[in-house]
Amino acid sequence: RQIHRHHPQETKRTLSSFPNHGYRGEQCAQGLLSNDAIEVKAVDREVYISSIDLAKENSIGLKDGLAISIMQESGVSEIYSFGKHFEEIKGIKRVTS
């Protein structure tokens with residue numbers, strides 16, 4: 001069984017960009033949180049501090065820094081994202097399909 005780690009905000013933003021499909025943020029969040037194949041990670045103070053440093057070092061947003069910090073902590077090296085800036089992050093592979 002494969003565990004998927006994903007930032008719910010990224011999914012919500014992606015689905016919200018297709019208004020004709022009728023996705024709502026609440027439905028999206030509920031679907032993600034109730035899916036046993038998706039691991040939800042707690043974020044503590046140290047992870048946030050690490051993500052701030054990563055965001056500054058890589059000139060990226062705090063949410064992306066947080067995603068990278070959690071990925072590194074969890075041993076994950078691939079991310080599904082529209083953000084091309086992930087291609088510039090050492091140790092991270094952006095997957096598009």
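Is serine 51 buried or exposed? Serine 51 is buried, and its relative accessible area is 0%. Buried here stands for under 20% relative accessible area, exposed for over 50%, and partly exposed for what lies in between, with a 1.4 Å probe and protein chains only.

Before I go on, some ground rules. This is a predicted model, in which local features need pLDDT of at least 70 and side-chain atom pairs count only at pLDDT 80 or more, while totals for chains, interfaces and linings use all residues. Residues are numbered from 1 along each chain as its sequence is written, and side-chain values use heavy atoms, with hydrogens and water left out.

First, the overall layout. The protein chain has four helices and two strands, and along the sequence they follow the pattern α-α-α-α-β-β. Helices (H or I, at least four residues) and strands (E, at least two) are DSSP runs, numbered from the N terminus. Of the 97 residues in the protein chain, 30% are buried. Among the contacts in the chain with a separation of 6 or more, 31% are between residues 24 or more positions apart.

Back to serine 51. Serine 51 sits in helix α3. Apart from neighbours within four places in sequence, serine 51 is in contact with Leu62, Gly65, Leu66 and Ser69.

The axes of α3 and α4 come within 7 Å and cross at roughly 120°. An axis is a line fitted to C-alpha atoms, for helices over the stretch in contact, and angles run from 0 to 180 degrees between N-to-C directions.

What joins the two helices? The loop between α3 (45-58) and α4 (62-74) holds serine 59. Serine 59 has a positive phi of about 50° although it is not a glycine. Serine 59 is exposed, with a relative accessible area of 68%.

Next, α4 itself. α4 has 13 residues and reaches 18 Å from its first C-alpha to its last, close to the 18 Å expected at 1.5 Å a residue. That expected span is 1.5 Å times one less than the number of residues in the helix. The buried residues of α4 run through Asp64, Gly65, Leu66, Ala67, Ile68, Ser69, Ile70 and Met71, and they pack against α3 and β1 (78-80). Just after α4, glycine 75 takes a positive phi of about 75°.

Which residues make up the largest nonpolar core? They are Leu54, Ala55, Ile60, Ala67, Ile68, Met71, Val76, Ile79, Phe86, Ile89 and Ile92, 11 residues in all. α3 and α4 are the elements that give two or more residues to this core, and α4 gives the most, with three. A nonpolar core is a set of buried Ala, Val, Leu, Ile, Met, Phe, Trp, Tyr and Cys residues joined through side-chain atoms within 4.5 Å. In soluble globular proteins, nonpolar side chains tend to be buried together.

Leaving aside neighbours within four places in sequence, isoleucine 92 is in contact with Ile68, Met71, Val76, Ser77, Ile79 and Phe86. Isoleucine 89 is in the loop between β1 and β2 (93-95) and counts as buried at 6% relative accessibility. With the neighbours within four places left out, isoleucine 89 is in contact with Asn58 and Ile68.

Then the strands. Valine 95 is in strand β2, and at 12% relative accessibility valine 95 counts as buried. Beyond four places in sequence, valine 95 is in contact with Glu78, Ile79, Tyr80 and Ser81. The C-alpha atoms of valine 95 and glutamate 78 are separated by 6.4 Å, and the two residues are 17 residues apart along the chain.

Last, lysine 41, in the loop between α2 (25-34) and α3. Lysine 41 is partly exposed, with a relative accessible area of 32%. Lysine 41 and serine 74 are 33 residues apart along the chain, with 9.4 Å between their C-alpha atoms.

Definitions and conventions:
Contact = heavy atoms within 4.5 Å.
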